[in-house]
Amino acid sequence: MATHEGCRCRGASSRNSTSILYSILKSDGFATAEEQQQQQTLHHFLHRTSSSSSSSSSSSSSVTSAPASLQELRQQSCSCGSTRRRGVLRVPQVTCKAASAVLVKTLRFVKNVPCFRELPEADQLMLIRSGWAPLLVLGLAQDRVDFETTETVEPSMLQRILTGLPDRQSEPPAEQSRAAAAAAAAAAAGVSVVDIEAIKAFLKKCWSVDISTKEYAYLKGAVLFNPDLEGLRCLHYIQSLRREAHQALNEHVRLLHRDDTTRFAKLLIALSMLRAISPSVVTQLFFKPVIGTVNMEEVLLEMFYGK
């Protein structure tokens with residue numbers, strides 16, 4: 001069982017029989033009265049943000065650098081313009097509504113994990129910022145939320161001139177102007193096809209393995225407790241929680257799937273695919289088409305802490 005290893009988190013001395021196995025499974029199985037309130041909070045915040053987005057287009061969402069694996073895929077593309085292939089949701093209203101519902105369930109899951117609540121608030125915030133997007137995509141897989149996209153092409157130089165979109169090579173030096181130009185270009189061009197294919201490949205992988213509810217719960221624990229973040233106060237405790245999540249998943253697979261010796265490896269492969277998905281891509285694909293530019297960090301804080 002995971003221990004705090006010197007970390008002064010709440011409940012350190014009282015956790016005698018509670019392990020991540022119990023905590024995660026209990027969290028994933030409970031539907032609390034907060035869920036409806038969180039859904040209302042999300043709709044209220046997103047409506048408020050959408051109505052004011054035109055006057056605050058310089059606000060940026062939580063942006064994380066693209067993973068090296070995706071960058072390598074883009075570099076392997078030919079120079080004829082395939083790197084500019086992009087896509088948009090075919091039915092954005094339906095897909096964005098489904099993604100919003102999964103986000104509510106995801107935050108409810110995180111909030112109900114006792115191991116997580118025992119962490120200092122600073123560590124909680126870091127883990128939420130790091131894990132909300134992969135947890136959301138994992139939730140999409142669990143709820144079997146599929147989506148279709150329509151491929152588009154990034155505006156050419158002529159299209160930029162005719163539609164008034166700024167040329168990237170001639171962007172003004174001011175930070176606000178660059179942010180506005182980037183937002184306008186992103187809204188017009190959609191999301192990179194490479195990023196969309198990465199998400200769809202992960203969903204297909206999960207569905208092909210036919211992951212069970214308990215396995216999804218352990219995978220969520222492995223994603224949530226990310227010890228690779230700089231500045232964590234309870235680093236050793238979080239490391240032990242991730243290790244315990246992996247061990248619990250392995251034991252569960254060995255117990256129920258004795259004849260499938262490759263199942264645990266397949267689940268680890270799915271986890272590695274999930275880590276290559278960028279939070280900024282998730283925001284732009286599943287939220288921006290309906291609500292416009294939004295700061296997901298503000299959404300998460302308001303839903304999670306009521307701030």
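Predicted model: local features only at pLDDT ≥ 70, side-chain atom pairs only at ≥ 80, totals over all residues.

**Helix packing and a cavity**

Q: At what angle do helix H4 and H15 pack?
A: Two packed helices are described by the angle between their axes and the distance between the axes. For helix H4 (residues 92-111) and H15, the axes lie 11 Å apart, and the crossing is right-handed.

Q: Which elements give two or more residues to the lining of the largest cavity?
A: A search of the whole structure for cavities of 30 Å³ or more finds one, and the largest cavity has a volume of about 40 Å³. Its lining is made by Leu-125, Ile-128, Arg-129, Glu-297, Leu-300 and Leu-301. The elements that give two or more residues to this lining are helix H6 (121-142) and helix H15 (296-305).

Q: How many nonpolar residues does the lining of the largest cavity have?
A: Among the residues that line the largest cavity are Arg-129 and Glu-297, together with Leu-125 and Ile-128. By class, the lining has two charged residues and no polar ones, and the number of nonpolar residues is four.

Q: What is the handedness of the crossing of H6 and H9?
A: The axes of H6 and helix H9 (residues 193-209) come within 9 Å and cross at roughly 45°, which makes H6 oblique to H9. The crossing of these two helices is right-handed.

Q: How many nonpolar residues does the contact of H6 with H9 have?
A: From H6 the contact takes Val-137, Leu-138, Leu-140 and Ala-141, and from H9 it takes Ile-199, Phe-202, Leu-203, Cys-206 and Trp-207. This contact has no polar and no charged residues, and its number of nonpolar residues is nine.

Q: Within what distance do the axes of helix H10 and helix H12 come?
A: Helix H10 (residues 213-224) and helix H12 (residues 263-274) cross at roughly 45°, and they are therefore oblique to each other. H10 passes H12 in a right-handed crossing. Glu-215, Leu-219, Ala-222 and Val-223 of H10 meet Arg-263, Leu-267, Leu-271 and Leu-274 of H12, a contact with six nonpolar, no polar and two charged residues. The axes of the two helices come within 11 Å.

Definitions and conventions: Residues numbered from 1 in each chain as written. Heavy atoms only, no water. Axes fitted to C-alpha atoms, helices over the stretch in contact; angles between N-to-C directions. Helix = DSSP H or I, 4+ residues; strand = E, 2+ residues; numbered from the N terminus. Parallel < 35°, antiparallel > 145°, perpendicular 65-115°, else oblique. Left-handed = near helix turned anticlockwise from the far one by under 90°. Contact = heavy atoms within 4.5 Å. Nonpolar A, V, L, I, M, F, W, Y, C, P; charged D, E, K, R; others polar. 1 Å grid on protein atoms, 1.4 Å probe; cavity = no way out; pocket = protein on both sides within 12 Å on 5 of 7 lines; lining within 4 Å. Points joined across faces, edges and corners; volume = space filled by probe spheres on them.
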